[in-house]
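Student: Could you walk me through this one? I have not looked at it before.

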Amino acid sequence: MKNRVLTRMLAASLAVVMTASLSACGGQKKQVEKQELDVTIDQITLGEDYTDIKADLKFLTHKTDVIDTTFSEYITEFQKVYPNINIEYEGITDYANDITTRLTTGDWGDICMVPTTVDKDELGNYFTKMGDKKALSSTYEENMLNNYAYQDSVYGIPSMANVQGIVYNKKVFEDAGVKEVPKTPDSFLEALKKIKDKTDAIPMYTNFAAGWTMTAWDANIDGGATGDPDFADTGLTKGENPFSDRGDGTGPYAVYYTLYEAVKRGLTEEDPTTTDWEGSKGMLNNGKIGCMVLGSWSVIQMQQAGDNGDDIGFMAFPITVDGKQYAAAGPDYNYGINCNSSKDNQIAAMCYIKWLVEKSGFAQGEGGLSVVSTDEYPEALSALEGVELVVNNPAPEGEENLFNDVNNDSELGINVSGAVPTEIVEEAVSGTKTLDDMVTEWNEKWTAAQESNGVEH
């Protein structure tokens, strides 16, 4: 792999919850006749193919803050090569919920960020096939195509990928006398205590009130906490009592222990229900917050939130496995094309998506990782040198939805609702349950869900 400081990998599967019954492209309730397409994204050469094609595209996006700025600039640049392709962005504030409802109509638009509410075996019912994974891997890193691939057909291309970990203010840590980046849960908690004792900053900000931010903790529990690319399947989906204490400061327990103890010891904001997501960006930039558990996508936002961008850094989650640190890498939203769109619109959409991924610089501008094999890491992640990024290997054939089914039936909402870290914060504040009490309950729910889905230990 060219120009890589680190081994780049992508988590293969996100938790999926079916919140609505989607109408398939070929189903009786479809709004538009499905248009079969014989073109794939790898067959398109930008600037040479389809430059005369005419299309008016609607693009549904969660990035409501840059529609009139960054995205408008993208359209201008793209139309220098494809002057007859018009793109209209529609921003959706509550994207995760609203997009599922919109998909039920079948004629929601032409491009969207693929929601996690579509199971893998149903992807082809709603989205256009982008190409075969093997063919696409000549341009894009193959492991980054797993999330929305089914039986080697790819239905979504990642807009970028993220590394999971902690965004932090380097100056705050230095002022507190923390000379080395913490590499274990206990050393991290000790660092937070120093910040509390020696500075005026909130050591760790949970961003509890935002809700969605709590899933960032879930994102660290598999490969990043174990160094095992098979843990998501064999250790979590099929593992026995996966939330139990492993006794060595690794695994899901170690991640959740870090959150529980930080809140319980008063190393977070005083009242979690009053946190302010937008305000937290400037607070971190200005040294009023020490750190937050978030993906690498957050680095650019924190750097741009004030005059102290150089103080913002990113570290791997503080877990060490046999002397080595790992970090989970995973995709941000994937671009998907409506298979109900006309053939010209589908082809035009592929041209635009290909341009976004390969030419726009969106991933780098957002502080994420490009999925193009030859692209370099952003400077913000240079501090992760020596940390190995872990990909969760795909589930075995025929079991692509097993994790989703177990996760849904357990009602723990791993990587979806943030229910587990949310409960941890609530109980650490109230003192009603200990962490071990909660772990016992999670294991019981998970085991029952495994059994109902045919998982045997």
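Predicted model: local features only at pLDDT ≥ 70, side-chain atom pairs only at ≥ 80, totals over all residues.

Student: Okay, how many residues does H16 have, and how far does it reach?

Tutor: Helix H16 covers residues 419-430, which is 12 residues, and from its first C-alpha to its last it reaches 16 Å, close to the 16 Å expected at 1.5 Å a residue.

Student: Which residues in H16 are buried?

Tutor: The buried residues in H16 are Val420, Pro421, Glu423, Ile424, Val425, Glu427 and Ala428.

Student: What follows H16?

Tutor: Gly431 follows H16, and the phi of Gly431 is positive, near 80°.

Student: Switching to the largest nonpolar core, which residues touch the most other members?

Tutor: That core has 82 residues, and Phe127 and Tyr352 are the ones that touch the most other members. Helix H13 (residues 343-358) gives the most to this core, contributing 10 residues.

Student: What does Phe127 touch?

Tutor: Leaving aside residues up to four places away in sequence, Phe127 touches Leu103, Trp108, Cys112, Val114, Pro115, Val118, Tyr155, Gly336, Ile337 and Cys339. There is also a second, separate core of 56 residues, and among its members are Phe188, Ala225, Leu402 and Val439.

Student: I see cysteines in there, so how many disulfides are there?

Tutor: With a disulfide taken as a pair of cysteine sulfur atoms within 2.5 Å, the count comes to zero. Cys351, for example, is in no disulfide, and the nearest cysteine sulfur, that of Cys112, is 18 Å away.

Student: Is Cys351 buried or exposed?

Tutor: Cys351 counts as buried because its relative accessibility is 0%, and buried means under 20%. Cys291 is buried too, with a relative accessible area of 0%.

Student: New topic: where does Ser370 lie?

Tutor: Ser370 lies in the loop between helix H14 (362-365) and strand S15 (388-390). At 2% relative accessibility, Ser370 counts as buried.

Student: What does its side chain make contact with?

Tutor: The side chain of Ser370 makes a polar contact with the side chain of Asp375, at 2.6 Å. A polar atom of the Ser370 side chain also lies 3.1 Å from the backbone nitrogen of Val372.

Technical notes. Residues numbered from 1 in each chain as written. Heavy atoms only, no water. Helix = DSSP H or I, 4+ residues; strand = E, 2+ residues; numbered from the N terminus. Expected span 1.5 Å × (residues − 1). Buried < 20%, exposed > 50% of the residue type's maximum accessible area, 1.4 Å probe, protein only. Core = buried A, V, L, I, M, F, W, Y, C linked by side-chain atoms within 4.5 Å. Contact = heavy atoms within 4.5 Å. Polar contact = N/O pair within 3.5 Å; in protein donor to acceptor, adjacent residues only side chain to side chain.
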